[in-house]
Structure formats: structure tokens, C-alpha cells
Amino acid sequence: MTTRDVGNQLAPFFKERGFKRKSNKFYKIVNDIVFCVGLERPGGLYVWSYIIPLYMPHDFEVLTYGDRLQNFEKCP
């Protein structure tokens, strides 16, 4: 099963809650804050989430998991 397959199964759940989809990322903007959930498969299936305050300028998001840091493209 690919991340796209899992995303297709999760899409109705997120759509009911007002999220939009872009590739394997789901996001929702509420009061200038973006709530993001993404799927990734670099060996296993990983689900990550983060919040971006839109009123703070930034070029990228930094996600942390364990002791590693990883830069990702902007969500929306």
C-alpha cells in the first residue's frame, strides 16, 4: 500500500473536518494558523503533523522527531 492509497482512505475523514489536500498533505487554515498532517514513506509509513502561524514570516518549517531535524517545504 502506497502513501497515496492511505491518503485516499483518509481523505473523507479530513474533508469532513474542513481540511484540504495537496499531494500527501492535509491542511486547514483557522484564524491565521495552518494545521497540517502529512504522510511519508521512507521505509515505513510515517504520519507527521505541525502547526504554522501565518502571522510569523518564515521560509520553511523545521520538524523534529527524536533528535533529528528535517526541513520541509511549506504546507499550503
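Buried here means under 20% relative accessible area, exposed over 50%, and partly exposed in between (1.4 Å probe, protein chains only). Welcome to a predicted model, in which local features need pLDDT of at least 70, side-chain atom pairs count only at pLDDT 80 or more, and totals for chains, interfaces and linings use all residues. Residues are numbered from 1 along each chain as its sequence is written, and side-chain values use heavy atoms, with hydrogens and water left out.

**View 1. The largest nonpolar core.** Look here for Tyr27, Val34, Cys36, Trp48, Tyr50 and Ile52, the 6 residues of this core. A nonpolar core is a set of buried Ala, Val, Leu, Ile, Met, Phe, Trp, Tyr and Cys residues joined through side-chain atoms within 4.5 Å. Two or more residues come from each of β3 (33-40) and β4 (46-53), and β4 gives the most, with 3. Strands (E, at least two residues) are DSSP runs, numbered from the N terminus.

View 2. The whole structure holds 4 aromatic pairs; rings of Phe, Tyr and Trp (its six-membered ring) pair if their centres lie within 6.5 Å, with planes under 30 degrees apart counted as stacked, over 60 as edge-to-face and the rest as tilted. Tryptophan 48 and tyrosine 50 are stacked, at 5.3 Å centre to centre and 20° between the planes. Tryptophan 48 counts as buried because its relative accessibility is 13%, and tyrosine 50 is buried too, at 9%.

**View 3. A phenylalanine cluster.** Ring pairs link Phe13, Phe14, Phe19 and Phe26.

Conventions. Helix = DSSP H or I, 4+ residues; strand = E, 2+ residues; numbered from the N terminus.
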